[in-house]
Amino acid sequence: MTQSAPTKSAGLFGYRLSPVGSIAFLVILFWAVIAIFGPQIAPYPVGKIVDMDYFGPMSAKFWLGSDYLGRDMLSRIILGARYTLGIALAGVLIASTTGVVLGMAAAVVGGWFDTLLSRLMDALISIPSKLFGLVVVAAVGSSLPALILTLAVIYVPGAYRFARALAVNVNTMDFITVARIRGENTLYLAISEILPNIIRPVLADFGLRFVFIVLLLSGLSFLGLGVQPPLADWGALVHENIQGLSLGAAAVIAPSLAIASLTISVNLLIDDLPRKIRDRSA
Amino acid sequence: MIDKITNWTKSDDARVEDAIRRGASRRELLKMMLAGGVALSAGGAVFGRAERALAATPVSGGHLKAAGISASNADTLDPAKASLGTDYVRCCSLYNRLTFIDVTGVPQMELAEKLDTKDAKTWTVTLRKGVTFHDGKALTSADVVYSLKRHLDPAVGSKVAKIAAQMTEIKAVDANMVEIGLKAANADLPFILALHHFMIVQDGTTDFSKGMGTGAFVLETFEPGVRSIVKKNTNYWKPGFPHLDSFEFFAITDPNARVNALLAGDVHFASAVNPRSAKMIEAQPGFELVKSTVGAYTNLNIRLDMNKPDFIMGMKHIVDREQIIMAALRGFGEVGNDQPISKANVYHNADLKPKAFDPDKAKHHFQKAGVLGQSIPVIASDAADFSVDMAMIIQASAAEIGMKLDIQRVPSDGYWDKYWLKAPIHFGNINPRSTPDIYFSLLYASDAPWNESQYKSPKFDAMMLEARGSLDDAKRHAIYNELQTMISDEAGTIIPAYTTNADGISSKVKGLQVNPLGGMMGYAMAEYLWLEA
Amino acid sequence: MTKLVDIRNLRVEATTDAGRRIEIIKGVDLDIAKGEIVALIGESGSGKTTIALTLMGHTRPGCRISGGTVLVDGKDMAALPERERAALRGCEVAYVPQSAAAAFNPSQTIMDQVIEVTQIHGSMPRDKARQRAIELFKALSLPSPDTIGGRYPHQVSGGQLQRLAAAMALIGDPKLVIFDEPTTALDVTTQIDVLKAFKSVMKSGGIAGVYVSHDLAVVAQIADRIVVLKGGEVQEEGRTQAILATPAHPYTQELLAAFEPKETQFAAAPAEKARPLLEVENVISGYGVVQSDGLPLVKAVRSVNLSVEKGRNLGIIGESGCGKSTLARSIAGILPASAGNIIFNGHELDYAARRRTHDQLREMQIVFQYADTALNPAKPIEEILGRPLTFYHGLKGQARSARVDALLDMVRLPKSLRHRHPSELSGGQKQRVNFARALAADPRLIICDEITSALDTVVAGAVIELLKELQRELDLSYIFISHDLSVVEAICDEVMVMYRGEKVEHLTREDIASPRHPYSKLLFASVPKLDPTWLDNLVLEPELVRQYGGA
Amino acid sequence: MNADIASMIGKRLGLSALTLLIVSFAVFVATNLLPGDTATILLGQAATPEAVAGLRQAMHLDDPAVFRFLRWLAGAVTGDFGTSYANNMPIATLIAGRFVNTMELAGLTAVIAVPLALTLGITAAVLRGTLYDRIVAVLTIGVISVPEFVVASTAVLLFAVYLKWLPAISFVNEVHSLTDLLRMYAMPVVTLTFVVSAQIIRMTRAAVIETLSMPYVEMALLKGASRSRIVLRHALPNSLGPIVNALALSLSYLIGGVIIIETIFNYPGIAKLMVDAVATRDLPLIQTCALIFCLGYLILITIADIIAILSNPRLR
């Protein structure tokens with residue numbers, strides 16, 4: 001871990017952002033604000049049928065047209081932001097935290113613990129994520145906690161492998177040896193010595209994983225795992241209105257664009273981070 | 001198309017055509033059986049068109065590809081186990097029943113030459129002569145006895161074991177005659193024998209993967225969950241049938257993919273098209289939509305044992321039936337009046353009006369029930385068609401009067417086992433049945449296996465049995481009218497609409513008619529269709 | 001003599017992470033005659049490698065030549081298009097890298113890489129190139145020259161690789177060879193062989209050379225002329241003899257001064273035979289699977305005894321792989337020994353640090369060679385120094401803060417550094433922090449593992465001086481592990497020589513000039529002297545070299 | 001040396017077998033947590049208690065679950081995967097055709113995606129920081145940022161419904177010529193190529209950039225080597241390890257992760273079969289499908305490891 005001296009300018013994680021990075025950051029910020037204040041700014045109730053037509057076009061009354069039942073698409077996207085961002089964030093938070101904790105533990109403790117944990121993670125990776133999602137739906141149905149946990153479980157192995165690889169590298173450093181023979185315990189080693197050194201790449205990885213989770217979320221809603229109606233995350237919005245695709249309906253294009261704008265922005269923001277951090281987390 | 005008749009579809013044409021074609025033979029049958037009728041809402045022009053269509057004679061040959069809606073590794077050629085439309089379609093192409101329901105909803109003889117009874121309790125089936133299985137073996141009464149008795153064996157896992165249970169005695173009288181003794185009189189046996197599950201298989205068959213039947217087609221390929229191909233049975237006993245050289249059937253589960261496949265010319269037939277895709281099909285030349293409203297419905301069930309009669313009454317008034325048809329079904333449905341017998345059935349009680357959408361009245365009932373302000377869970381699932389959309393529409397209406405409904409969308413997988421009949425408030429999905437008695441005994445009798453709202457009424461039971469044993473049609477009409485009213489007023493099943501099934505077809509596909517058993521001519525279309533050159 | 005190289009007003013710019021451009025070479029002029037070897041000398045960051053690389057028209061990523069001309073045999077490497085530069089690389093100008101181990105592609109055989117130059121430039125057919133390579137291997141006195149080319153880089157020792165890298169440079173018959181600190185990573189005994197081989201090949205071929213190094217003594221042996229650099233500018237240049245004899249520039253004087261032996265008072269031999277602070281008896285330790293006899297498969301330390309008296313220092317010297325670091329690690333309990341006794345302060349220590357008491361751990365500290373990896377880059381200095389204070393002494397808040405200041409003061413660092421991160425410090429500063437952390441424990445013994453090896457000569461000298469001062473003030477003992485005899489000599493009362501896991505000789509200050517064990521003799525004789533004639537006159541017993549020589 | 005490789009491979013295979021066992025058992029436990037069993041599912045709306053009990057008995061579902069699992073496991077070891085609960089056909093027969101389909105789709109996608117992604121990844125790394133690199137980066141981000149079912153649905157609408165160039169669904173049984181093959185597979189393969197390429201491109205680029213910063217690459221440059229020679233002879237062989245690892249991960253996705261593509265193109269692969277099997281609680285079928293996915297993953301990862309070992313003389 002040789003970090004170059006961070007520049008003093010302000011910005012995310014202490015880095016200066018390029019114009020592209022700044023735009024990406026603003027887009028993410030925009031969606032975050034929408035997610036927080038959604039219910040206050042949505043023009044119509046999310047479940048109310050307000051248009052006699054279905055897949056209505058964009059109009060002054062319905063900025064993003066209407067959906068397959070004739071509900072206002074703008075309101076649905078605004079409220080969907082909360083679920084898309086919230087679920088993905090919660091999922092990635094749990095996945096990354098678990099992955100990092102286990103990864104560091106495997107690196108610090110080593111031995112059979114590491115072997116067994118790594119095998120378990122391998123086993124988990126080898127189960128296709130969408131099938132796993134389907135089994136969960138079949139077993140416990142589609143609830144918010146089930147959804148978040150499913151996403152988290154699917155992404156834990158990746159986060160684990162990533163964090164473990166980083167932690168193993170850090171673990172060989174002399175300062176860890178110094179701390180060990182000072183008599184420090186494993187918890188201190190992990191939290192105080194290793195974590196600060198892997199946190200930046202982990203955060204970059206966190207961002208990438210967030211993107212994948214948003215996409216997986218949309219994939220799962222294609223398979224029927226999503227939030228309870230009439231609310232819907234963006235993936236579910238695309239899915240429930242997919243028939244509108246042939247009509248070129250805004251109802252299917254708008255949420256697709258919302259997903260793309262969010263994921264592309266997160267990606268661009270990560271790509272804007274200094275290479276040292278970024279390239280590790282591809 | 002005649003523009004002035006907006007509600008008139010090609011299927012209605014077909015119905016008229018068939019009525020004309022079959023007129024004579026039907027009168028014969030009516031001596032013993034009940035009368036069926038076609039409600040004609042259009043004038044002479046319809047007849048004119050029907051005659052033109054009839055002039056087109058069937059073309060022999062061709063390979064038809066049809067796409068159903070569901071496939072599974074559990075796909076089977078065992079009629080007793082058939083559970084999906086896919087299975088019915090395949091079985092119908094390979095096997096025959098003793099009777100079948102024609103496009104007017106009337107049982108016709110198929111493998112049976114005639115059915116005789118004096119008391120509706122003991123029935124004699126005389127088999128058609130000269131019918132052979134695909135392997136050349138002649139059909140005998142042993143095959144029939146075996147085919148019917150199977151359903152009584154739990155190990156077979158028959159879907160109709162419950163219905164078959166009334167056949168207490170099944171025996172061969174001679175090589176050509178079978179006697180069926182019923183537990184109680186049932187004038188509907190000809191309808192029951194027309195159920196797809198009672199198809200006739202060869203005596204002693206346990207391996208059904210060969211599809212050995214007497215049907216119009218011989219099995220060529222069958223891959224469960226993937227597809228089947230059947231070839232014309234050149235020795236088929238029905239002269240002139242089938243028209244097709246071969247028939248390929250598989251499922252495209254994704255509704256859009258199904259429509260896309262039709263429009264791309266990959267398949268000739270796409271069943272159960274989503275109403276929202278209708279525009280797209282109708283906009284493209286060379287494709288048609290065949291609609292049939294035959295009594296399938298998705299209903300909201302509130303269990304009566306929850307002891308909230310006012311809540312149920314409130315719910316009946318907060319269901320905006322027009323909006324459900326408009327928004328959820330996009331016009332592909334008819335308003336329902338909370339009882340299962342639809343207009344497609346001759347016994348439909350047209351005087352029974354649906355409960356009006358009346359939020360104020362609903363609010364009054366909810367207040368009385370003391371549920372306002374509470375959050376009431378409503379279970380919906382994609383397993384019950386349109387139930388999630390209906391739930392959302394009802395939820396939005398209820399929210400306006402302060403009634404909070406909490407929709408819980410649960411997985412299709414396991415829905416029937418886990419939620420249906422069990423959850424206090426849930427959706428059900430009922431396929432068309434041929435007789436009121438089947439509906440009532442299945443759904444509303446006190447001992448009904450699928451008593452969706454736990455409706456129990458000794459009066460209802462008694463009247464139902466009375467009608468069942470009666471051969472007097474006027475009397476049955478009267479009883480059934482009253483039973484429908486009872487269900488509508490007393491049961492906890494809210495049937496907001498009868499859904500319209502729409503099959504998308506290439507214009508080359510001819511001979512498709514509407515059958516009261518559902519889309520795809522009650523799944524039996526394979527032998528009737530032909531491809532225009 | 002005709003000029004081969006003519007650099008005029010060379011300027012090189014670098015772009016920092018923050019996007020700022022800074023000039024790292026500020027108008028350098030340099031001439032090299034045909035067949036002449038010129039040394040570029042200076043500390044890290046002085047720009048010596050950057051200048052050398054411009055001779056091939058190459059700059060490292062983020063850098064670019066922003067001005068001046070670099071004429072090599074009349075062609076301006078700074079101005080030529082990339083394609084033409086590439087055509088000259090390897091044939092006109094060749095490069096011998098600092099770490100041959102890193103500069104060899106691990107997935108190709110050595111021969112393929114050595115003759116690659118001839119394949120790229122199509123200068124000779126494959127068979128002929130192989131032949132030529134084997135000749136060069138012989139000329140560079142590589143063992144089994146006929147077959148060594150078939151091996152992979154990891155199957156060959158460091159010294160051999162360094163010579164193979166030279167062969168790789170020479171095969172294209174270049175007019176000029178750039179040596180980029182080619183012996184820095186080698187042991188002294190190996191270094192001699194390599195230097196000799198380079199020198200003879202260069203002289204016999206009349207090839208001009210640029211020799212980049214920070215080691216004046218090495219440069220003195222091989223260069224005709226020395227150019228002293230600092231901060232991207234030439235400080236002084238002249239004939240080797242002249243520079244060594246009469247350095248004009250203060251920086252050059254400083255460099256030379258680091259070679260002067262310092263007068264130091266050493267503690268008198270203990271009067272009465274008190275119990276030593278540390279006694280190590282028959283310690284065996286190593287790596288790999290534990291065998292049936294309870295000992296590891298690879299024994300890096302084979303039954304070593306040593307003792308350290310209170311207030312006195314022990315030096316442990318030997319080349320890389322001799323087991324000196326393993327011994328240090330076993331004493332500290334990082335790598336638990338497999339056998340033997342470690343008695344510290346009168347108490348027998350457990351082999352594993354994990355099972356030693358708090359105080360035992362506190363009283364014996366270890367300082368590692370690379371401050372870069374020994375200091376947690378994610379923490380400020382304050383935290384790095386503060387943790388042992390809290391951990392061992394329970395200091396908090398104000399008291400801890402005052403003690404951190406005191407520690408910084410002790411290692412002669414300004415208090416303002418406490419808020420910085422290690423990456424913001426220079427190499428010498430980092431090593432001082434590294435040392436201050438050991439001091440924070442209030443230890444009695446500090447094991448210093450090559451702590452000056454990664455530092456520039458002048459900086460290393462200052463660190464040694466600091467250690468001595470602190471010893472006087474704090475009543476410490478050191479175990480000083482190094483491959484550099486001059487460093488050990490400068491600070492230790494006693495010196496122990498290790499070879500292949502065993503202690504071969506124990507020397508006191510008095511007899512350090514006259515070692516008796518043949519390996520010690522070879523080792524001590526191999527340390528380069530400032531005298532430019534030293535290498536040429538050096539005669540080592542062939543028998544000795546054969547038995548103990550490097551490579 | 002070869003004995004070392006053999007023992008290393010042996011060890012890996014042992015660990016793989018352990019992983020397989022873990023997966024099998026986990027799948028078994030998960031399946032048993034699902035509500036309902038094959039009998040209730042098969043009977044569906046007709047699942048009266050008596051009917052269920054009868055069918056259950058007839059299907060031997062009354063045996064303890066663990067017993068059934070062990071019986072399957074014992075059979076699987078000898079290559080006999082048992083018979084499907086749902087339709088009594090041998091599992092091997094049920095899976096064989098589907099498996100071939102899945103492998104065909106995966107194989108064709110790999111044939112297109114791997115060279116494409118490697119080329120893009122390597123060239124982007126070599127031309128790092130140039131406009132080309134940025135375009136590749138933006139394209140890969142764009143591609144992974146759009147849900148695959150949107151890409152697939154749009155493609156179907158455009159090429160099948162409106163242009164009628166390609167079939168909307170895949171009739172894999174009707175491939176008789178190369179033209180058929182191209183037409184059938186064009187859309188699923190292209191969509192999947194989109195899905196898997198992005199990750200390979202990113203990883204390849206990162207790995208090559210990493211090796212391009214190695215001293216031996218600078219050395220090659222200073223020997224006068226051309227850019228292509230540096231990349232092909234010096235950078236690539238040494239970045240092979242991480243690249244093949246990324247390839248293995250992406251390709252394993254093609255075996256089990258393509259359920260959405262299989263649904264949209266009505267492609268009869270094993271992912272859909274497993275979904276059906278879960279729906280019918282067909283334990284032997286679920287287990288066998290899971291085994292195939294896990295085995296596919298492990299085989300790919302092991303091959304990747306072996307390639308990494310063989311490409312690195314230090315590990316050999």
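Q: At what angle do helix α10 and helix α13 of chain D pack?
A: In this predicted model, α10 covers residues 227-256 of chain D and α13 covers residues 283-311 of chain D. Their axes sit 9 Å apart. The angle between them is about 170°.

Q: Are α10(D) and α13(D) roughly parallel or antiparallel to each other?
A: The packing angle of the two helices is about 170°. An angle over 145 degrees counts as roughly antiparallel. So α10(D) and α13(D) are roughly antiparallel.

Q: How many nonpolar residues are in the contact of α10(D) with α13(D)?
A: On the α10(D) side, the residues include D:Leu240, D:Val244, D:Leu247 and D:Leu251. Across from them, α13(D) brings in D:Phe293, D:Tyr297, D:Leu300 and D:Ile307, among others. By class, the contact has no charged residues and six polar ones, and the nonpolar count is 15.

Q: What are the helix and strand percentages over residues 99-304 of chain D?
A: UniProt, in an unreviewed entry, gives this span as "domain: ABC transmembrane type-1". Its end C-alpha atoms are 22 Å apart. The chain there is 83% helix and 0% strand.

Q: How far apart are the end C-alpha atoms of residues 285-310 of chain D?
A: The unreviewed UniProt entry lists residues 285-310 as a "transmembrane region" of chain D, along with spans such as 182-201. Residues 182-201 are 100% helix, with end C-alpha atoms 25 Å apart. Residues 285-310 are also 100% helix, and their end C-alpha atoms are 37 Å apart.

Q: Which chains share the most contacts?
A: There are five pairs of chains in contact. Chains B and C don't touch, with their nearest C-alpha atoms 48 Å apart. The pair that shares the most contacts is chains B and D.

Q: Which element gives the most to the side of chain D that touches chain B?
A: Here 43 residues of chain D are in contact with 35 residues of chain B. Elements giving two or more residues to chain D's side include α2 (38-43), α5 (91-126) and α12 (270-280) of chain D. The most, six residues, comes from α3(D).

Q: How many charged residues does the side of chain D that touches chain B have?
A: This side is made up of 43 residues of chain D. By class, 25 are nonpolar and 14 are polar. The charged residues number four.

Q: What percentage of chain B is buried?
A: Chain B has 17 helices and 22 strands. Among its contacts between residues at least 6 apart in sequence, 71% join residues at least 24 apart. Of its 533 residues, the buried share is 57%.

Q: How far apart are the end C-alpha atoms of residues 108-450 of chain B?
A: UniProt's unreviewed entry lists this span as "domain: Solute-binding protein family". The span is 26% helix and 24% strand. Its end C-alpha atoms lie 28 Å apart.

Q: Does B:Leu443 count as buried or exposed?
A: B:Leu443 lies in helix α14 (residues 436-443) of chain B. Leaving out residues up to four places away in sequence, B:Leu443 touches B:Pro340, B:Ala448, B:Trp450, B:Asn451 and B:Glu452. The cut-off for burial is 20 or more other C-beta atoms within 10 Å. B:Leu443 has 24 C-beta neighbours inside 10 Å, so this residue counts as buried.

Q: What percentage of the residues of chain A count as buried?
A: Chain A has 10 helices and zero strands. Of its contacts between residues at least 6 apart in sequence, 70% join residues at least 24 apart. Of the 282 residues in chain A, the buried share is 61%.

Terms used
Residues numbered from 1 in each chain as written. Chains lettered and ligands numbered in written order. Predicted model: local features only at pLDDT ≥ 70, side-chain atom pairs only at ≥ 80, totals over all residues. UniProt positions renumbered as here; feature names shortened; annotations may be inferred. Helix = DSSP H or I, 4+ residues; strand = E, 2+ residues; numbered from the N terminus. Contact = placed C-beta atoms within 7 Å. Nonpolar A, V, L, I, M, F, W, Y, C, P; charged D, E, K, R; others polar. Axes fitted to C-alpha atoms, helices over the stretch in contact; angles between N-to-C directions. Parallel < 35°, antiparallel > 145°, perpendicular 65-115°, else oblique. Buried ≥ 20, exposed ≤ 12 C-beta atoms within 10 Å, placed from the backbone.
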